[in-house]
Amino acid sequence: MTTHPSDALFSGEKLIPIIPACEHFAGSEKLILKALQLQDTVGQIFDITCDCEDGAAAGQEEEHAKMIVRVLSSEANKYNMAGARIHDYTHAAWKRDIDILVQGLGNKLSYITIPKSTNAKQVKDMIDYIQKIAQLHQIKREIPIHVLIETHGALEEITEIAKLPWIQVLDFGLMDFVSAHQGAIPASAMRSPKQFEHHLLIRAKSQVVAAALAHGIVPAHNVTLDLKNTEVTYADAYKAKNEFGFLRMWSIYPTQIEAIVNAMKPNFDEVLDAAVILVEAQKVNWGPIQYKGELHDRATYRYFWTILQKAKISNVAIPEDALKAFF
């Protein structure tokens, strides 16, 4: 009997979820439908965030949430890879957003994103309400929660936030975070290269990533403001992943999606190494092996199993023997 790496290499610890490296924001029905169609074109390599917060016109919040339920309940949502951002804690519509979305989409919604919280208690109150409404409608699953870290208070209490239940992602919200500094951080830091160089932003991004990874949560990077230059988007995503440790990034324009995925997906040569190492390791029941003159054991196997899973979800080619063995 062969043992799967998920069973052999991890015992009881909370694992960082393997989810797409890109989430694409869409605020209107037209843009949500276009994004759903794009999942057919480029593949299921990104999630869609249907936006109540910035997408709904003032006074039309309820109608907007109902539109999201209608669209995501339709045949257009083939892959169930869409979530929703609700209004913030101070907005009158946040509970109604949850009422509508959880009742209508509780078993399909990929996640609910909570914006602009100023402390851990606000996040807890909102998660408690989501859980209450889920129970009311007999939703048995945990609905993944994404929390935006974009205020001084949220960053200060980020460890407490990361310990809360159902959280899958911590998102860094650059623009609101810069604005909250009231001129202490220049507007130029809302884009590269300053967003990766200003010391307050280095500190904030590092804290978000460290807190997320320490608690088995995915850290997600902010948007690139340049909508048309995919090289800028690619460079931002590459730097966010390889120098800061972010595992996911927001897109706000369709051409940004593939640039983000390409920057964050595993290197093909490393995927090939991962496939060979894991296949050989499984043959010896996950004992040590030699590969290319180097020793590999359970520590490196865990790393390479993560690489292989990310390759699968990013549409990176995986050797056939590894596909058959593990997927």
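This is a predicted model: local features need pLDDT of at least 70, side-chain atom pairs count only at pLDDT 80 or more; totals for chains, interfaces and linings use all residues.
Strand β7 spans residues 218-221 and is covered on both faces. Val218 and Ala220 are buried on one side. Pro219 and His221 are buried on the other. Strand β6, residues 167-172, runs parallel to β7 and is joined to β7 by 3 bridges. Within this pairing, Leu170 stands opposite Pro219 of β7. Strand β8 also pairs with β7 in the parallel sense, over 2 bridges. Here Ala220 has Arg248 of β8 as its bridge partner. Helix α10, residues 230-244, belongs with β7 and β8 to a right-handed β-α-β unit.

Trp250 of β8 (residues 248-251) pairs with Phe25 of strand β1 (residues 22-26). The two residues are 225 residues apart, and the pair links distant parts of the chain. Their ring centres lie 4.3 Å apart, with 35 degrees between the planes.

In total, the structure holds 10 aromatic pairs. Tyr89, Trp94 and Tyr129 form one aromatic cluster. Rings also meet charged groups. The charged end of Lys205 sits over the ring of Phe196, at 4.2 Å from the ring centre. The charged end of Lys312 is placed over the ring of Phe327, with a distance of 5.7 Å to the centre.

Helix α12 covers residues 268-283 and includes Val271. Val271 has 0% relative accessibility and therefore counts as buried. Beyond its neighbours within four places in sequence, Val271 is in contact with Pro266, Ile307, Leu308, Ala311, Val316, Ala317 and Ile318. Ser6 lies 265 residues from Val271 in sequence. The C-alpha atoms of Ser6 and Val271 are 17 Å apart.

Glu280 is partly exposed, at 33% relative accessible area, whereas Lys283 is exposed, at 62%.

Helix α10, the helix of the β-α-β unit, holds both Glu243 and Lys239. These residues are 4 residues apart, about one turn of the helix. They form a salt bridge with a closest N to O distance of 3.1 Å. Glu243 is exposed at 54% relative accessibility. Lys239 is partly exposed at 27%.

A salt bridge also forms between Arg96 and Asp99, with the closest N and O atoms 3.9 Å apart. Both residues lie in helix α4, residues 94-105. Their spacing of 3 residues corresponds to about one helical turn. Arg96 is partly exposed, with 36% relative accessibility. Asp99 is buried, with a relative accessible area of 17%.

Across the whole structure, 17 salt bridges are found. A network of salt bridges links Asp51, Glu53, Asp54, Arg85, Lys116 and Asp176.

Methods
Residues are numbered from 1 along each chain as its sequence is written. Side-chain values use heavy atoms; hydrogens and water are left out. Rings of Phe, Tyr and Trp (its six-membered ring) pair if their centres lie within 6.5 Å; planes under 30 degrees apart count as stacked, over 60 as edge-to-face and the rest as tilted. A charge sits over a ring if NZ of Lys or CZ of Arg is within 6 Å of the ring centre and within 35 degrees of the ring normal. Buried means under 20% relative accessible area, exposed over 50%, partly exposed in between (1.4 Å probe, protein chains only). Two strands pair if DSSP finds at least two bridges between them. A crossover is right-handed if, with the strands pointing away from the viewer, the path from the first strand over the helix to the second runs clockwise. Contact means heavy atoms within 4.5 Å. A salt bridge is a side-chain nitrogen of Lys or Arg within 4 Å of a carboxyl oxygen of Asp or Glu.
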